[in-house]
Amino acid sequence: MKGLSIQHITKSFGSSKVLNDCSLDINGNDFVALLGESGSGKSTLLRLISGFESPEKGKVILNNRVLLDDQLFVKPEDRHIGMIFQNYALFPHLSVRKNIAFGMSASPESEAYLEELIEIFELAEQQHKKPSNLSGGQQQRVAIARALAVNPSLLLMDEPFSNLDQTLRRKVRIEIKAMHEKFSIPMILVSHDPEDALELADKIAVLQQGKIVQFGVPSELYYNPVNQYVADLLGPNTKYKNQFIRPEQITFNRSDFQGKVIRSAFSMRGNILVIEADGHEFLAYDYSRTNTIGDEVSFGILANH
Amino acid sequence: MVFTTLRMILGVGLIAAILAIPSAYFVSNYQFPLRGFLRKANILPVAIPTYIMGFTYASIFSVTGSFYAFAELFIDRETLYSWDIDVVNELGLMFFLAFALYPYVYSAALVSFSIKNKSIEEAAASLGVGPWKRFWKVSFPIVLPAVLSGLALVTMEVLNDYGAMAYFNINTITAGIFQAKQMDFTSSVFLSALFFVVIASVFISYYLFKSYKKVASTLSSPSYDLMPMEKKQGMLVSFVVFIPFFLGFILPVIELVSLASSRLNIIFSMDFLIISLNAVQLAFIPALIIVLLSLILLYNEYINKGFFSRFISAISNIGYAIPGAIIAVAVMSFVIVLDGEEKGFYHFLIDSLILLIFAFVIRFLAVGYNTLEGGFYKITKQLPDASRSLGVGSFKTFIRVYFPLLKSALLTTLAIVMVDILKELPITLLLQPFNFHTLATVAYEKAKITESVRDAAPFALLLIIVGTFAVLFLVKDFSKKNK
């Protein structure tokens with residue numbers, strides 16, 4: 001079976017258990033985002049998959065090949081797992097071209113592939129420069145090209161956007177999405193930003209206290225989170241009768257509820273209101289920006305999109 | 001003997017702290033004339049070995065020395081002689097050792113003042129607390145741990161010193177070890193000395209390991225604004241900060257230069273050249289071994305993370321906490337035990353360079369390890385991880401990633417360790433092969449045995465010049481890295 005299987009991984013640092021009987025199965029070429037608060041074990045899980053950490057217990061299988069179990073530990077260099085690091089980890093003493101070629105064997109085919117990668121990632125002009133002379137976005141592209149150069153069976157990305165500003169972040173997200181389609185290999189992205197996960201991933205896995213608490217398609221996690229932790233991680237919400245209501249589900253075109261605006265704040269999508277109704281505080285977008293604090297409003301809740 | 005040692009430790013520590021702390025405080029908080037220069041200048045006295053500091057000051061205050069010559073310009077000779085100034089005693093040496101060793105406290109305090117103090121100091125000022133009270137209530141308690149770690153280094157150097165103590169006829173434990181060498185290792189003198197040193201070493205090594213790194217990382221420029229001072233106040237502060245530098249570096253160097261200038265025939269002799277080359281050659285081999293061992297230890301810590309690797313490194317570092325004389329005796333005893341009753345296979349090691357080199361490696365591995373560690377940790381762990389995730393094994397990663405990035409750190413480490421070995425005296429004295437001399441032993445022997453500081457001056461001066469270069473190199477290297 002093509003894909004990655006993580007089974008019953010347990011890992012502690014000192015007395016704190018970072019991963020606790022953690023399991024996850026990724027099929028085919030899925031793009032999976034791993035979400036969780038800082039300290040939830042995301043990066044540790046990534047380092048365990050790549051072989052930079054070893055767990056007390058558990059099993060990792062990639063494309064039917066056991067990488068880790070009670071007896072076996074395949075070294076990171078023999079796993080064929082690419083990794084994009086948070087700070088890109090480009091070799092400062094090597095040019096862009098040599099960085100990308102670092103893990104490649106010397107052959108005419110790889111030489112051709114190197115040229116192709118340089119072209120795909122639009123690095124022809126920069127190829128003889130040192131990484132320190134590149135912009136953040138360019139460094140990011142070198143890191144991705146370098147990881148793909150060795151034809152990995154799986155690509156891991158540890159918070160790859162954390163050093164980019166908002167505009168660049170959006171652009172790089174689109175690039176990565178396109179790259180995933182082009183190279184068709186499974187990818188795991190670690191992020192603490194729900195926007196990254198919702199926009200990019202085929203599936204999202206949420207880590208809470210060292211365990212995967214929910215794994216599914218983005219819309220499922222967004223509208224039907226299993227608990228308050230998952231709901232909060234993916235954005236603002238109001239818990240009402242065991243349902244997590246997102247602000248954009250509130251419509252002023254219906255009058256199922258009567259309430260009073262108790263707070264209002266400006267946001268890009270519209271004023272965000274806190275409406276007190278039926279003993280709850282509902283969050284809602286006021287796209288027309290007409291309601292102010294103290295106003296009596298009537299509203300309804302739309303079904304999940 | 002033990003009490004003399006304790007008195008020396010306390011006395012030198014106290015004087016060093018008095019010299020170091022105000023300078024460090026002013027330099028890291030206030031803007032005053034020559035601040036930038038004095039900030040680095042106050043590190044330089046470490047380039048002068050303690051035994052050279054000792055006999056140079058003894059020379060300055062001798063009846064024919066520069067002190068009398070200078071004082072006679074103002075005071076008539078009879079009055080001057082009637083004061084009967086004698087500095088060749090315990091109190092005198094406390095001062096002279098402190099002149100050479102205060103930079104350890106200074107640089108440790110400097111980091112602490114620079115990093116932690118600024119905003120807290122400002123907070124205290126905004127609450128209406130005056131400068132004097134601020135120092136005692138806020139700054140001093142914050143830098144106290146750093147000062148203590150600097151003092152731990154001073155203690156180690158006092159314990160390690162043999163040359164200055166012997167020159168001043170002060171009977172410390174190290175002197176006891178030298179006596180034992182000539183007699184019997186089981187003598188009570190030797191045993192009590194050993195006992196004391198082991199206790200002291202264990203006690204202070206904890207501080208040492210933390211402080212060595214701090215001392216090295218101090219030398220970068222602070223990135224915050226300094227508090228301005230009025231002109232008069234500023235001049236006064238410059239003077240205060242200049243005093244330790246003057247006593248610890250300028251005065252002894254001027255004295256040695258003037259002494260050496262009367263011995264130009266020594267400087268231009270073949271002997272001088274041969275001894276210098278000998279010394280450099282002798283320092284190079286153990287320094288190279290130390291650099292390689294440090295590299296292996298550090299890389300091993302990266303590859304095999306965990307308690308055992310760190311434990312191995314910690315054990316390898318312990319040599320620096322043990323006085324050279326003890327290491328020398330231990331190494332020699334080891335060979336004697338190995339060799340057995342009769343002169344056996346290992347006998348050739350006694351009086352050989354191999355033994356001397358072995359002892360140097362034990363003593364100075366910590367210096368190499370800690371200097372190189374700075375460079376090593378500049379390389380983020382993600383780089384080797386990235387290399388391995390690209391299918392490159394750990395040995396090749398070492399060659400292709402670590403080695404090119406460490407080149408300058410390796411050279412710095414080699415230079416620093418070489419200079420430390422060049423300056424070393426007790427091990428060299430105890431283990432040097434017959435008729436083999438180094439700059440340190442010649443300088444010491446000429447001053448002590450032939451009682452001619454003039455003859456010793458050229459050798460002492462060359463050691464100081466080399467040492468100064470190494471210190472400046474280190475300062476520059478760390479300023480660059482910290483940018």
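A residue is taken as buried when its relative accessible area is under 20%, as exposed when that area is over 50%, and as partly exposed in between. This criterion is applied below to a predicted model, in which chain A and chain B are in contact.

Chain A has 305 residues, of which buried residues make up 53%. The secondary structure of chain A comprises eight helices and 17 strands, and the C-alpha trace of the chain spans about 75 × 50 × 35 Å along its principal axes. Among the contacts in chain A that link residues at least 6 apart in sequence, 62% are between residues at least 24 apart. The domain assignment divides chain A into domain 1, covering residues 3–228, and domain 2, covering residues 245–301; the C-alpha centres of these domains of chain A are 40 Å apart.

One residue of chain A that can be followed in some detail is A:Leu233, which is placed in helix α8, a helix formed by residues 228–233 of chain A. The relative accessibility of A:Leu233 is 14%, and because this value falls under the 20% limit, the residue counts as buried. When neighbours within four places in sequence are left aside, the residues in contact with A:Leu233 are A:Leu35, A:Gly36, A:Glu37, A:Pro194 and A:Val206.

With a relative accessible area of 58%, B:Leu34 passes the 50% limit and so is classed as exposed.

The interface between the two chains brings 21 residues of chain A into contact with 17 residues of chain B. The area buried between chain A and chain B is about 1700 Å², and carbon and sulfur atoms give 62% of this area. Two salt bridges are found across the interface of chain A and chain B, including that between A:Arg47 and B:Asp385, in which the closest N and O atoms are 3.1 Å apart. Across the interface of these chains there are also five residue pairs in polar contact, with both residues of each pair at pLDDT 80 or more. On the side of chain A that touches chain B, β6 (81–84) and α4 (136–149) of chain A each supply at least two residues, and β6(A) gives the most, with three residues. By residue class, the side of chain A that touches chain B is made up of twelve nonpolar, five polar and four charged residues.

How values were computed: Residues are numbered from 1 along each chain as its sequence is written. Chains are lettered from A and ligands numbered from 1 in the order in which they are written. This is a predicted model: local features need pLDDT of at least 70, side-chain atom pairs count only at pLDDT 80 or more; totals for chains, interfaces and linings use all residues. Side-chain values use heavy atoms; hydrogens and water are left out. Contact means heavy atoms within 4.5 Å. Buried area is the accessible area (1.4 Å probe) that two parts lose on being put together, summed over both. A salt bridge is a side-chain nitrogen of Lys or Arg within 4 Å of a carboxyl oxygen of Asp or Glu. A polar contact is a pair of N or O atoms within 3.5 Å; within protein, one must be able to donate a hydrogen and the other to accept it, and residues adjacent in sequence count only if both atoms are side-chain atoms. Helices (H or I, at least four residues) and strands (E, at least two) are DSSP runs, numbered from the N terminus. Ala, Val, Leu, Ile, Met, Phe, Trp, Tyr, Cys and Pro count as nonpolar, Asp, Glu, Lys and Arg as charged, and the others, Gly among them, as polar. Buried means under 20% relative accessible area, exposed over 50%, partly exposed in between (1.4 Å probe, protein chains only). Domain bounds come from an automatic or database domain assignment.
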